[in-house]
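This report is written for someone meeting the structure for the first time. It begins with the chain as a whole and then turns to two local regions.

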Amino acid sequence: MKLPLNIPRARVAGFTLVEIYIVSVLLLILVLAMTATQFFAARVYTLAATKLTSTASGRKIMNDIRDQVRGADDVDVVIYDPVGNTFANIPIGTPQIGNAMVIYTNNPNNQNTNYGIIYFVNTLASNVCSVQCIGTNVQTSTLANNVVVWITNYYAFDAEDCSNNILATYVNNRLIHVKFQFCQWEYPLAGVGNGAMYDYYQLQTRVAPRIINY
């Protein structure tokens, strides 16, 4: 004689189709939010890195020029002609504003000869260059084109008094005002051309030579 088996089956739990749709949508929203956060963080990092790099290199150049001016025997704001590699002093009575600055250091072995370095704005390459000189002779073999790049202002140097008024004469105790205005790609990976974004910076300093020999 067979006895009937009366064994209760375990109830199988599961999700409905609506619940699966809701979970999928929430998961998709979460993934999109995380992706957008990652892209935003990457853009902020790139922008900050570009600004830090631009200002750091610019400040380094400013510090180098400041130290050279302070230790110079003579400093003149001049007009430089990159085509002929010549420079000319600004006449007395004319505001001492120029696209170049000559920093002289006397030769210890020959006080009649001035050795110096010229910083000038090269509009052809949109940068600030440097070149050494002996007296009024420019040493073209020492030309350096990578001092400051993407410069936008032509007159980057002027001579001022203690009240920051631009001078029109050669006087002692004058301040040399250096101002660099330049642009930089906001996102360097974006490239150049339509749609490229640029950011503009300005760095300036005022410094006086410690040794006066005008």
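A contact here means heavy atoms within 4.5 Å. Among the contacts in the chain with a separation of 6 or more, 53% are between residues 24 or more positions apart. The model is predicted, so local features need pLDDT of at least 70 and side-chain atom pairs count only at pLDDT 80 or more, while totals for chains, interfaces and linings use all residues. Residues are numbered from 1 along each chain as its sequence is written, and side-chain values use heavy atoms, with hydrogens and water left out.

Along the sequence they follow the pattern α-β-β-β-β-β-β-β-β-β-β.

| Property of the chain | Value |
|---|---|
| Residues counted as buried (under 20% relative accessible area) | 31% of 214 residues |
| Accessible surface (Shrake-Rupley method, 1.4 Å probe) | about 14100 Å² |
| Share of that surface from carbon and sulfur atoms | 59% |

Helix α1 spans residues 17-70 and includes I22. Together with V18, V25, L26 and I29, I22 makes a nonpolar surface patch of about 470 Å². I22 counts as partly exposed because its relative accessibility is 46%, a class that lies between buried and exposed (over 50%).

Further along, strand β6 (residues 127-134) and strand β7 (residues 137-149) run antiparallel and are joined by six bridges, whereas at least two bridges found by DSSP are needed for two strands to pair. S130 has A144 in β7 as its bridge partner. The hairpin of β6 and β7 has two residues between the strands, and G135 there takes a positive phi near 65 degrees.

Methods: Helices (H or I, at least four residues) and strands (E, at least two) are DSSP runs, numbered from the N terminus. Patches are made of residues with over 30% relative accessible area and no salt bridge: like charges are joined within 9 Å, nonpolar side chains (Val, Leu, Ile, Met, Phe, Trp, Tyr) within 5 Å. A salt bridge is a side-chain nitrogen of Lys or Arg within 4 Å of a carboxyl oxygen of Asp or Glu. Buried means under 20% relative accessible area, exposed over 50%, partly exposed in between (1.4 Å probe, protein chains only).
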